[in-house]
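Today I opened a new model and went looking for its ring pairs and its sheet. Here are my notes, in the order I looked things up.

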Amino acid sequence: MSTLTTSFLPSLEKENSLFVYTRRRRRGHSKKSQSIIPVARLFGPSIFEASKLKVLFLGVDEKKHPARLPRTYTLTHSDITCKLTLAVSQTINNSQLEGWYNRLQRDEVIAEWKKVKGKMSLHVHCHISGDHFLLDFVARLRYYIFCKELPVVLKAFVHGDGNLLKNYPELEEALVWVYFHSNIQEFNKVDCWGPLKEASSLSSTTTYSSSSELGETQMDNTSNYNLDLPQPCQGSCTCCFPSTRKI
């Protein structure tokens, strides 16, 4: 998953970060004074690589249906190793989010299975902006990257929790709801990306000439699912998860 504020904090793993870094020697200066020039590589393909995914099962049964046991995904990306870490647990794995660097980047993706009126759905949360001004400054870029990388994220969920989906294939038909959290109204929204099987298969290898083209494509992908966010029953019931279980 691409770095979301790389223009401010260059990645140590330069070839796989959001920007490719090239060195330019200034005329009349020594090699040590070469400047590092960030070259944007925003519109290339995003490909899921299973070999770069580390999965941790923390207090959950790999085969336990999420309707019977709470199930949450915490996905983070390391700019140093270029690997993804997916924690499957009952709540958010806060240990993955510790440290000033993670709090600055805020490129984690959190998701949880919910049951509303007897139907399972996957609710995915992406932090676009807020917390500090750097995120606000690049909110449009972050929204673009999250939309572009989301099929890869969903593939990581499907691959990492493969035994669950193998035992309960009906979960692949569950709707995916994506929450974009932002202090900017334009990017603060909830979109339905359709069934998990389809949403994780959206082409992430397509290249785009601009972020607006990506946005238009994303809108086309979600426009066919003009659905209202499912609301739980009022009061206690057995067909919905307790309303206190929120990210």
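Are tyrosine 73 and phenylalanine 157 buried or exposed? I looked both up: tyrosine 73 is buried, as is phenylalanine 157 (buried means under 20% relative accessible area, exposed over 50%, partly exposed in between, with a 1.4 Å probe and protein chains only).

A note on ground rules: this is a predicted model, where local features need pLDDT of at least 70, side-chain atom pairs count only at pLDDT 80 or more, and totals for chains, interfaces and linings use all residues. Residues are numbered from 1 along each chain as its sequence is written, and side-chain values use heavy atoms, leaving out hydrogens and water.

Next, the rings. I found three aromatic pairs (rings of Phe, Tyr and Trp, the last by its six-membered ring, with centres within 6.5 Å; planes under 30 degrees apart are stacked, over 60 edge-to-face, the rest tilted). The ring centres of tyrosine 73 and phenylalanine 157 are 4.8 Å apart with planes at 25 degrees, so this pair is stacked. Tyrosine 73 sits in strand S4 (residues 72-77) and phenylalanine 157 in helix H3 (residues 139-160), so the pair ties together parts 84 residues apart in sequence (helices are DSSP runs of H or I, at least four residues, and strands of E, at least two, numbered from the N terminus).

Tyrosine 143 and phenylalanine 180 make an edge-to-face pair, 5.0 Å centre to centre with 65 degrees between the planes. Both tyrosine 143 and phenylalanine 180 are buried. Ring pairs link Tyr143, Phe180 and Phe187 into a cluster.

Last, the sheet: seven strands form an open one, ordered S3-S5-S4-S6-S7-S8-S9, with mixed pairing (two strands pair if DSSP finds at least two bridges between them).
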